[in-house]
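Subject: Structure for you to look at

Hello,

Here is the structure I promised to pass on. Please open it and keep it beside this email, which goes through what was found.

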Amino acid sequence: MAATDRIIVLPGDTIDPAVIPTPRRNAIRLGPGLRHVQATNSIVPTVAGQLITDHGKGSMWVESSTGHYIPAISDLVIGQITRSQGDYYLVNLSPYTPNATLPHLSFEAATKKTRPQLNPGALVYARVTLANRHMDPELECVSQTTGKGDGLGPLTGGMVFDVSLGMARRLLLSKPREYGGVAVLELLADEGLAFETAVGRNGKVWVGSDKSEANTRMVIAVGRALRETDERGLDVEAQKKLVRRIMKELSR
Amino acid sequence: MPREAEPSLNERQFVLQALRENLRLDGRPFDKYRPVELIFGEQYGVVEVSFGKTKILAKTSAELTVPYVDRPLDGIFTIATELSPMTAPSFEVNRPTETEVLLSRLLEKTVRRSGALDTESLCLVAGQKCWSVRVDVHVLSHDGDLTDAACLAVVAALRHFRKPDTSIEGGLLTVYTPAEREPVPLSWLHSPFCVTWSFYGDQGEMALLDATLSEEHVRVGSCTISMNRHGEICQIAKLGGTPVDAVALLQCTNVALVKVKDFSAFLDRKLAEDAKRRDKGGLMAELSAENDR
Amino acid sequence: MPLDTSAYSLALLRVDGRRWNELRRIHAQIRTQAAADGSSYLEMGHTKVMCVVTGPSEPGPKRGGMTGGVGGGGGERSSTADVSVSVVIAGFSSVDRKRRGRGDKRTLELQSTISSALAASLHTHLHPNSTIAISLHVLSQDGSLLAALINAATLACIDAGIPMTDYVVACTAGSTSTYAANDEGADPLLDMNHQEEQELPSLTVATLGSSDRVAVLVCESRVQVSRLEGMLAVGVDGCKQVREILDRVVREKGRRMIQEGTIEKGMSLDDMDID
C-alpha cells in the first residue's frame, strides 16, 4: 500500500464513490467505523482514521488508533489474571475496564486435576469468545473445535510492552510488512535474534526468550524497537535504520 | 470504580532481573534523568515541564488581599496541586489520593517552608494589604517522578513570574499596569530542587533516579531529597518502605547535590534564553534603566 | 523564644539540661487496653502517645486511614495484609489549641509514613486479605512526634503478636548549627524537644532494629549537607538505644505475664529463655 493512496476520513465525510469497491457477486462488506445510511443510500464514516478498501474481497473499513480497547469475538488478547472466582479466572484486559472471564478448564488438555494454577498477576494469551455490550467478555485458551492450544495459554517469563491499538492490529495482520508497514520484528529476527512474541489486540506485545544473561538485553531492545516504531510512526526504511542502530548497541 | 492496572508478575520479575543486570527498560544508566524539557508560556509565570512522558504545567498568579491576622507582616504564598482524571481515571476531582497529598506536602516543604520566596516582601501595608501569590500545579500526564518534575516547574514558574509594580505615597497604594511600569520579579532567595531515588532489591541495595511509572510500581521504597546549589538540604523524605543502609543514603545525597547543580544551571540558562527572547529591540533594557533611577 | 545557644557553647548543656547525646526519659507500657488485640502507651519526655492495634482481621468498612506499603492497598483482595494507620492529634496536646481536621495533610503524611514503615517490617504476606488497623492517639506533644508514634506502633504490634522482622525504632537528631552557618564545630544533638525543633535543624530517623538500615528519614528544616552525616550517625545510634529500652519493656511484660500465669501451665519460668 503506497503512501499516495491513503484516504483520511472524518466522521460524516462523504466518501468518493470511485473508491468504494463494487464486488460482482455478493454485497459489499463494511468493517468497523463505517455505516450505511439507507435514506440516502450512502456510506458514511463514523470515526476518524484511514479508509482501507479491499477490492478483491469487496470490503472496506476505517483504520484508526483508538485509546480504548473494545473486545470483539475472535480477537487475540493478552490478559492479566486478577483472581480466581468459582470456576473462572477473572482477567483484566485493559485498565479501568470490567474484567473478562476465563473458565478454569478452557486450557489445552485441562481437567479438574491438571488445569493450570494461575496466581493473580499472571499473564495469559487468549481468544475472545463472547463480546456483547453490557456483558463481561469471555475468553478461551483452547480451540473449541480441535482441542489444541495453538499457542494460547499462560505466558511465562518475558516482558509485556504497551503499544497503540493500531500498532497491535498492524502486527496481527497476516503480512505485517506488506499490509501494515511494520517490519521491525522481521528485521530483528533476520539479524539473528531469537525471541518469541505474542501480540494482543488490546495493545500489548509480549516478548520472551529463554532465560540467560544476554537475553534480558535483547528483550529490552526488541521492546524499545517496537515502541519507537509505534510512537514515532516510522516507515519501513526508518525501521531498517532503527534496527541497525539497535544491533550496534547490542553488540557493544 | 475505576481501577489502576497493577504490573503483572512477568513485568515485576523482568524489571527486577534487568536491574540486577544493570539495565533499565529505556536504556538509561541508573543515575540519569530522562530528557528534561522546559517551555515558558507567553504570559509571565506559566511553564510546562516534561520529563519524558511526565508532563506538568505550573501557573503563577498574584492578587492583592488582606494578610492573615496572625501574620500581619507576611504576604500569602500557596501551592495548589491538582491530579485530575486527565492524569489517570483513578484520580477523582476533589478527593485527594495519597499520591497527591504526599506530592503537595513535599512541594510545600521544599519551596514554601525552606523560605525560597521572601514572603515579607509581598506585604505592602502591614496588616492591610499584601500580595497573595499562588502557584497552580497541574499534572497533565503521569509517567513517574512527579515530584522532581513538579518542583522544577514550581520554581521555574515563580522565578519567571512578574507581578505588577506598586508604589505607596502618603498612604495611597498605586498598582501600575504593565503599560505604565514594567512588572517586577518576585523577591527570590534560593532555588531548591527535588531529587527522588527509588530503591529496589530485598535490602534496597539498588537505587534509581527518575523512575518511570512502571518502575515506580515495582520499587520497594523511595527517598526524595531537596537541596539548593549551595548544598543546603531543604527537606529529606524517606517515608517508610524497605530499610536502606545509612551509608547508601548519604551517597544518594551526594549524587543529589550534583543533580541539583545541573538543574540549577539548566533553569538559569532557560530563564536567560527567555529573557533574551522577550527583550526585542532593547525596549526592556531601556525601561529597567528608568526604573533604576 | 530565642534559644540561648551561647549557653550551650559554654557549659555544653542543652535547654533542658541534657548533654548532646542524651535521650529524654522514655517510659513505655504494653497491653494497656484490655479490649484491644494489641496496645501500648509511650512517653518520650513530654511527648505522650497511645496506640491500639486491631487485627489482622477481615477488612471491615473503610475507616479513612491511610493504607500503604509494598504490594498493599487496593480495594480488591490482596495477597498481603493492609496496614491501615489513623493518627488522632488531641486538641489539648500542644500549647496552641489548634483543631486539625481529618483532611489535614500533615496528619495524612504521618499516617502514610507509619503505615509504609511498618508494612516493610511486618510479615504481611502471612495474612492475605486482611487488615491490620493501627490507631494512634497523641495526648501531649513536645517534639519528636513521628518518632514516638513509630515506637508506640511497633510496641503495640508486638503486643498484638503480629510476626515481624525486627523492631522499627525511631528517634530524632539535630545539630547546634543554624542552617546558614557552615561551622565545623557544630555538635550533633540527640532526641530533640519541641523548643529545639523550632530553632535548630533536626531530622527523624527510624531504623530496623539495631542495624544501620534506615526505614524512615524525614528532615523538614534547612541544614548544610555536611551536617547530615553527623546527625544521621547520632540518630542511628539513638535508635539502637531506643531499641534496648523498648526490648526491656517487652521482656519485663513477658516475665510478669508468666508469673501471673497467663502462659499455659506446665512450663516453668526456668524453661523459658527470657532475659
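About 3200 Å² is buried between chain B and chain C, and carbon and sulfur atoms give 56% of it. Buried area is the accessible area (1.4 Å probe) that two parts lose on being put together, summed over both.

Before the rest, some notes on the source. This is a predicted model, in which local features need pLDDT of at least 70 and side-chain atom pairs count only at pLDDT 80 or more, while totals for chains, interfaces and linings use all residues. Residues are numbered from 1 along each chain as its sequence is written, chains are lettered from A and ligands numbered from 1 in the order in which they are written, and side-chain values use heavy atoms, with hydrogens and water left out.

Chain B puts 37 residues into the contact and chain C 33 residues, where contact means heavy atoms within 4.5 Å. Six salt bridges are counted between chain B and chain C; a salt bridge is a side-chain nitrogen of Lys or Arg within 4 Å of a carboxyl oxygen of Asp or Glu. One of them pairs K109(B) with E109(C), with 3.0 Å between the closest N and O atoms.

**Salt bridges within the chains**

Over all chains, the whole structure has 42 salt bridges. In chain A, R224(A) pairs with E249(A), the closest N and O atoms being 3.8 Å apart. R224(A) is in helix 4 (residues 213-232) and E249(A) in helix 5 (residues 236-251) of chain A, so this pair ties together parts 25 residues apart in sequence. Helices here are DSSP runs (H or I, at least four residues), numbered from the N terminus. R224(A) is partly exposed at 25% relative accessibility, and E249(A) is partly exposed at 27%. For single residues, buried means under 20% relative accessible area, exposed over 50%, and partly exposed in between (1.4 Å probe, protein chains only).

In chain B, E215(B) forms a salt bridge with R24(B), at 3.0 Å between the closest N and O atoms. E215(B) is buried, at 2% relative accessibility, and R24(B) is buried, at 2% as well.

In chain C, R251(C) and D247(C) meet in a salt bridge of 2.9 Å, N to O. Both lie in helix 5 (residues 225-259) of chain C, four residues apart, about one turn of the helix. R251(C) is partly exposed at 38%, whereas D247(C) is buried at 13%.

Regards

How values were computed. Helix = DSSP H or I, 4+ residues; strand = E, 2+ residues; numbered from the N terminus.
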